[in-house]
Amino acid sequence: MAHSAVRLYVAVFAALLVLTVATVTVSYVDLGPASVVVALAIAFTKAVLVVLFFMHLRESSGLIWVVAGGGFFWLAILIGLTMSDVVTRGWLPVGVK
Amino acid sequence: MAEHAAAVAHQFDDAEQQRGAAELGMWIFLATEVMFFGGMFTAFTAYRWLYPAAFAHASRHLDVLLGGTNTVVLIGSSLTMVLAVHGAREGHRRTLLVCLALTMCLGSVFLGIKAIEWRHKWEDGLVPGLRFTLTGADAGPQELFFFLYFAMTGVHALHLVIGIGVVGVILALAWRGHYTPAYHNPVEVTGLYWHFVDIVWIFLLPMLYLIGRHGP
């Protein structure tokens, strides 16, 4: 039990290293607009690995899942609603002289 | 030592409830931290949308080798932190002490590399307000990038300084034998904080260093 836990942590660490090398390498390849999506998808995957295994969310109660999910949800509102303004400002010629 | 193992504060029914309360408290604090960093992430997202070319140019002034190295250092510190928590859970005193010390060392290495990077930015004249020497059509938006760069890496580094201090206190208490498999809540919640700071950097690397590595 104890040794399998250590093996899991080392495996997660190795996966994080591989993903770090992958995101740096792929950033030198021109993927056009997809490069941002790929970079953030890799970062998100790394974050999920850290949260699930290093922060032990996998073993945590439902209440902790709600708080962790709530933090992410409110961040999505903050960025989503702000960007819905910033991105759409030029769509209609309101206030342009 | 045995006293600490049995110590349940009077407001709790049992050790399990006490542990759950400590864990929940730290997660709620971290949710507020998500919003704290979230403001800067939102500002970055908005201005990157408005000035994509300038942000790509500015991003290329950053050193990917140092940024990447620091990512590996911080991920390594997360491994030693989780091994320290594991040591506390299993009652392995030496694992706990050594891994906490290693975590502090790796955190300090990160700050050292960060300081080298900041000095390079100063020498290159890329510090907004104090010494910013870029000129040209998109110098303004590039200055904005570097303002956000210093704000985000600065606040992140401050969190790491606090983290190193807290781990130091935990190390001193662990040295005196305060923690047992039955009671080591401070080790657990310090681990949660440390991993959160790691996650912030996991997002800062692609946003600051990796956008605009290619293209015009």
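Predicted model: local features only at pLDDT ≥ 70, side-chain atom pairs only at ≥ 80, totals over all residues.

Residues are numbered from 1 along each chain as its sequence is written, chains are lettered from A and ligands numbered from 1 in the order in which they are written, and side-chain values use heavy atoms, with hydrogens and water left out.

Me: What area is buried between chain B and chain A?
Reply: Contact means heavy atoms within 4.5 Å, and the contact here takes 45 residues from chain A and 43 residues from chain B. Buried area is the accessible area (1.4 Å probe) that two parts lose on being put together, summed over both. Carbon and sulfur atoms give 82% of the area buried between the two chains, which is about 3800 Å².

Me: Which element gives the most to the side of chain B that touches chain A?
Reply: Helices (H or I, at least four residues) and strands (E, at least two) are DSSP runs, numbered from the N terminus. The elements of chain B that give two or more residues to this side are α2 (15-50), α4 (64-90) and α7. With 16 residues, the element that gives the most is α2(B).

Me: Which residues form a salt bridge, with closest N and O atoms 3.6 Å apart?
Reply: A salt bridge is a side-chain nitrogen of Lys or Arg within 4 Å of a carboxyl oxygen of Asp or Glu. Across the interface of chain B and chain A the rule finds one salt bridge. The closest N and O atoms are 3.6 Å apart in the pair made by E59(A) and R89(B).

Me: Is T20(A) buried or exposed?
Reply: T20(A) is found in helix α1 of chain A, and leaving aside residues up to four places away in sequence, T20(A) touches K46(A), T71(B), I75(B) and L205(B). Buried means under 20% relative accessible area, exposed over 50%, and partly exposed in between (1.4 Å probe, protein chains only). Because its relative accessibility is 3%, T20(A) counts as buried.

Me: With which side chain does the side chain of T80(B) make a polar contact?
Reply: T80(B) lies in helix α4 of chain B and is buried, with a relative accessible area of 10%. A polar contact is a pair of N or O atoms within 3.5 Å; within protein, one must be able to donate a hydrogen and the other to accept it, and residues adjacent in sequence count only if both atoms are side-chain atoms. At 2.8 Å, the partner of the T80(B) side chain is the side chain of T103(B).
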